[in-house]
Structure formats: C-alpha cells, structure tokens
Amino acid sequence: MKDHSKIQLSLFEMDLVNNAGCILTKNGIIQKAKQLLLGLQEKQQVYLQLQSSSISAEVLRPSAKISKGENYHGLPYLILDFPRFFEHKDIFAIRTMFWWGNFFSITLHLSGNYKIMFAQKIIACYELLAETGFFICVHEEQWQHHFENDNYIQVSKWNKDDFEYMINTGSFIKLANKISLRQWEDAQEILLQHFKQIIDVLTA
C-alpha cells in the first residue's frame, strides 16, 4: 500500500503552487482566446449569409457553441462549433480549436448523409486542398484533434487516386488546417481564410 503521507513537491512545484498569478494569467489567456473565437464566429456568419443558399437550412439553424475543457491530452482547450449539426450518425460541423501549448486549428467534420452529400465535391477540390496545406484524418476514431501522423496527414502527401479512395471508403471525413499560437495577432484572419476555403469547397 502506498504511503500517501510522503507525497512531496519539487522546488519548482512549490514555487508554482504558491504563485496565484500563474493561474490568473492562464484564466485571462483563456478568456482572450474565447473572445477571439467569438469575433471569428461573427465574421464566419457574415460570410455564410452570402452562401446560405448552398448550405442546408438544418445545418444553419443551431446557434454557434463554444465548448471549454481542461484535459485534452492534459491541456486546456476551447472549441467553437459553427455551423454545427450533430444527430446520430449525421454530422456537419466546422470546428475551430484553441489548444493550449499547441495550436489553433479549424476542421470540417462530416459523417452519415453529409459525408455522402459532399464527398464528390471534396474529391474534385483535391488540388486546392493540397495547395492550401489542409490535412485529412486517417484515424479510425473521429473525435481526436491532434496532428500526429496517426491522426492527420497532409493532403499534398497523397496522390489524387489515394485521396479519392480515402474519401470514398472512410466512414467519416475530417479535413483540417492549423496555425501556430505565435500567430495570435493574425489568427482570426487566417482562420477565417481557412473557413472560407472550406465553404468554397462545399459550395463549388
């Protein structure tokens, strides 16, 4: 049996646990990231209004949602879902993520009827997706967000035939792009540009 009375802190841990400022600073950064995502969503909505005739009404009906967590691979995160439709196996979502210590990312997530609906348009835009640095999910499980090689591979690494096979045979489609947190000041505009690229693929 472990003797829990012997749990000790390192000198670094002791300094950290006595420093309320580090947690308060972290909370402030999370709030700023949320404001960044809220501002992004407003710009996304303006762009979508110009394309609304090409996007299903049931997808546009739900309001935007920002989810917050503290433990994706041990680190805090925020996810903006807009537009979003999650019902059983039918998923249409564009998910923008802030992941502490890692990146901002934006992901098109399709499954069920929406995967069938948009698969051929995505295949037809292979060159655009490759040129603009998008990644395709290769994982069997569709709820992972990291960009390790077992989850995402750049579209440009695939030839068009293999890309088409992947789109047609998978049970879902996830296309994603990411930017460094060091690009914070430009993040909103870069993420908006990727959002526009996704919508343009779907409405081509």
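Rings of Phe, Tyr and Trp (its six-membered ring) pair if their centres lie within 6.5 Å; planes under 30 degrees apart count as stacked, over 60 as edge-to-face and the rest as tilted. The model is predicted: local features need pLDDT of at least 70, side-chain atom pairs count only at pLDDT 80 or more, and totals for chains, interfaces and linings use all residues. Residues are numbered from 1 along each chain as its sequence is written, and side-chain values use heavy atoms, with hydrogens and water left out.

**View 1. An aromatic cluster takes in Tyr72 and Tyr77.** By the ring rule, the count comes to 15 aromatic pairs. Tyrosine 72 and tyrosine 77 are an edge-to-face pair, because their ring centres are 6.4 Å apart and their planes stand at 80 degrees. Tyrosine 72 has a relative accessible area of 10%, so tyrosine 72 is buried (under 20%; exposed is over 50%, partly exposed in between; 1.4 Å probe, protein chains only).

**View 2. Leu9, Met14 and Val17 form a nonpolar surface patch.** Together they have about 280 Å² of accessible area (Shrake-Rupley method, 1.4 Å probe; for residues, only the protein chains shown count as cover). Patch residues have over 30% relative accessible area and no salt bridge; like charges are joined within 9 Å, nonpolar side chains (Val, Leu, Ile, Met, Phe, Trp, Tyr) within 5 Å. A salt bridge is a side-chain nitrogen of Lys or Arg within 4 Å of a carboxyl oxygen of Asp or Glu. Valine 17 is exposed, because its relative accessibility is 58%.

**View 3. Methionine 117 and threonine 203 are 11 Å apart, C-alpha to C-alpha.** In sequence, 86 residues separate methionine 117 from threonine 203. Methionine 117 is partly exposed, at 47% relative accessibility.
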